[in-house]
Amino acid sequence: MLKIAWSPVYAHPLPENHRFPMQKYELLPQQLLYEGTVSENNFFRPEPLSEADIIATHDPVYWNRLKNLELDKAEIRRTGFPLSALLVEREIIIMQGTLQAALFALEHGVAMNIAGGTHHAFSNKGEGFCLLNDIAIAANYLLRKEICRKILVVDLDVHQGNGTAEIFRHQPAVFTFSMHGEKNYPMHKEKSDRDIPLPDGITDAGYLKILRQELSSVIDTFEPDFIFFQSGVDVLASDKLGRLGLSIEGCKQRDSFVLQTCSLHNIPVAASMGGGYSEKIANIIEAHANTYRLAQEIYF
Ligand SMILES: [Zn+2]
């Protein structure tokens, strides 16, 4: 069965009229239920992540300052969020969602989180709507518990996975793969194990050709036993922050290729949702919903 992490707190941590689009965390599960892609049984509600699991990835000093709401103004500004206890609570529930999704993926082949993909969180700082790094925390958990030996992070959000790259810079057991808009935030990029900067406006055919070549080559050479997929839909042409030119159908083919490849190679995959900032919320929901629809079609 497709297990999907979701909690009501995913949708309600910010003051009304904050510019970050929070509605998708509520509308996406509703859409998936409404259309019959999933039933209530597919969802599980994560608890907050343990502190031991947080500080196995993040600097304990940073975590304590975050938890006690002691970040300074500049640090808070960089996160893009007004800092609050509820926001931190939401973040550690999302972290646990990805960790548990990873464990479900080992059992069922695939599992997902209706949030996460917080790839701009570094070991000791947050930025770009990310406070803690869910994929890094879950990957470190799988390694620490000796559940997995070689983990591939496939980050297809339009923004480079700079935090993930920093966290795993000296960790050969984790291969970080990031395909992103060359001219998109972050302006200063970290070094992933494989970075694929893309030109502005690249469309479906060009994008998919590169993805097929590059991802296949990484899987063949690195031979991962687990994959984390950051499935941000800010690659769409309609995205307000992204600079690429994908259609909703192209984005669906992207997800289809990733999930088919994982399935074909028998590599468990946990998907974190990532970004999506199209003008019309319907486009965001449709593109994200495709990832979950495809998981059902391909695996169950
Ligand atoms: Zn993004």
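**View 1. Helix 8 and helix 9 pack side by side in this predicted model**.
The axes of helix 8 and helix 9 come within 10 Å. They cross at roughly 15°. That angle is under 35 degrees, so helix 8 counts as roughly parallel to helix 9. Helix 8 passes helix 9 in a right-handed crossing. Which residues make the contact? From helix 8 come Asp 204, Tyr 207, Leu 208, Leu 211, Arg 212, Leu 215, Ser 216 and Ile 219. From helix 9 come Gly 250, Gln 253, Arg 254, Phe 257, Val 258 and Thr 261. Two packed helices are described by the angle between their axes and the distance between the axes.

**View 2. Asp 157, His 159 and Asp 234 hold the zinc ion**.
In sequence, the donor residues follow the spacing D-x1-H-x74-D. His 159 and Asp 234 link distant parts of the chain, 75 residues apart. His 159 sits in the loop between strand 4 (151-155) and helix 7 (162-167). Asp 234 sits in the loop between strand 7 (226-230) and helix 9 (248-264). Are these two residues buried or exposed? His 159 has a relative accessible area of 6%, so it is buried. Asp 234 is buried too, with a relative accessible area of 0%.

**View 3. Glu 35 and Arg 293 form a salt bridge**.
A search of the whole structure finds 8 salt bridges. In this one, the closest N and O atoms are 2.7 Å apart. Glu 35 lies in the loop between helix 1 (24-34) and strand 2 (43-44), and Arg 293 lies in helix 10 (residues 281-299), so the pair ties together parts that are 258 residues apart in sequence. Glu 35 is partly exposed, at 29% relative accessible area. Arg 293 is at 16%, under the 20% limit, so it counts as buried.

**View 4. Arg 65 and Glu 75 join two helices**.
How far apart are the closest N and O atoms of this salt bridge? The distance is 2.6 Å. Arg 65 belongs to helix 3 (residues 60-67) and Glu 75 to helix 4 (residues 73-79). The two residues are 10 residues apart. Arg 65 is partly exposed, with a relative accessible area of 25%. Glu 75 has a relative accessible area of 14% and is buried.

**View 5. Asp 200 and Arg 243 bridge two loops**.
The closest N and O atoms of this salt bridge are 2.8 Å apart. Asp 200 is in the loop between strand 6 (194-198) and helix 8 (204-222). Arg 243 is in the loop between strand 7 and helix 9. The pair is 43 residues apart. Asp 200 counts as partly exposed, at 35% relative accessibility. Arg 243 is also partly exposed, at 38%. Elsewhere, salt bridges that share partners join Glu 35, Glu 286 and Arg 293 into one network.

Gln 96 lies in helix 5 (residues 85-108). At 15% relative accessibility, Gln 96 counts as buried. Ile 147 lies in the loop between helix 6 (134-144) and strand 4. Ile 147 is partly exposed, with a relative accessible area of 38%. Ile 147 and Leu 106 are 41 residues apart along the chain, with their C-alpha atoms separated by 9.2 Å.

**View 6. Backbone details at Pro 186, Glu 223 and Asn 266**.
The peptide bond from Tyr 185 to Pro 186 is cis, with omega near -5°. Pro 186 lies in the loop between strand 5 (174-181) and strand 6. Glu 223 is not a glycine, yet has a positive phi of about 50°. Glu 223 is in the loop between helix 8 and strand 7. Glu 223 is exposed, with a relative accessible area of 55%. Asn 266 is not a glycine either, and has a positive phi of about 55°. Asn 266 lies in the loop between helix 9 and strand 8 (269-272). At 69% relative accessibility, Asn 266 counts as exposed.

Definitions and conventions: Residues numbered from 1 in each chain as written. Predicted model: local features only at pLDDT ≥ 70, side-chain atom pairs only at ≥ 80, totals over all residues. Heavy atoms only, no water. Donors = N, O, S within 2.8 Å, 3.2 Å for Na, K, Ca; no water. Helix = DSSP H or I, 4+ residues; strand = E, 2+ residues; numbered from the N terminus. Buried < 20%, exposed > 50% of the residue type's maximum accessible area, 1.4 Å probe, protein only. Salt bridge = Lys/Arg side-chain N within 4 Å of Asp/Glu carboxyl O. Axes fitted to C-alpha atoms, helices over the stretch in contact; angles between N-to-C directions. Parallel < 35°, antiparallel > 145°, perpendicular 65-115°, else oblique. Left-handed = near helix turned anticlockwise from the far one by under 90°. Contact = heavy atoms within 4.5 Å.
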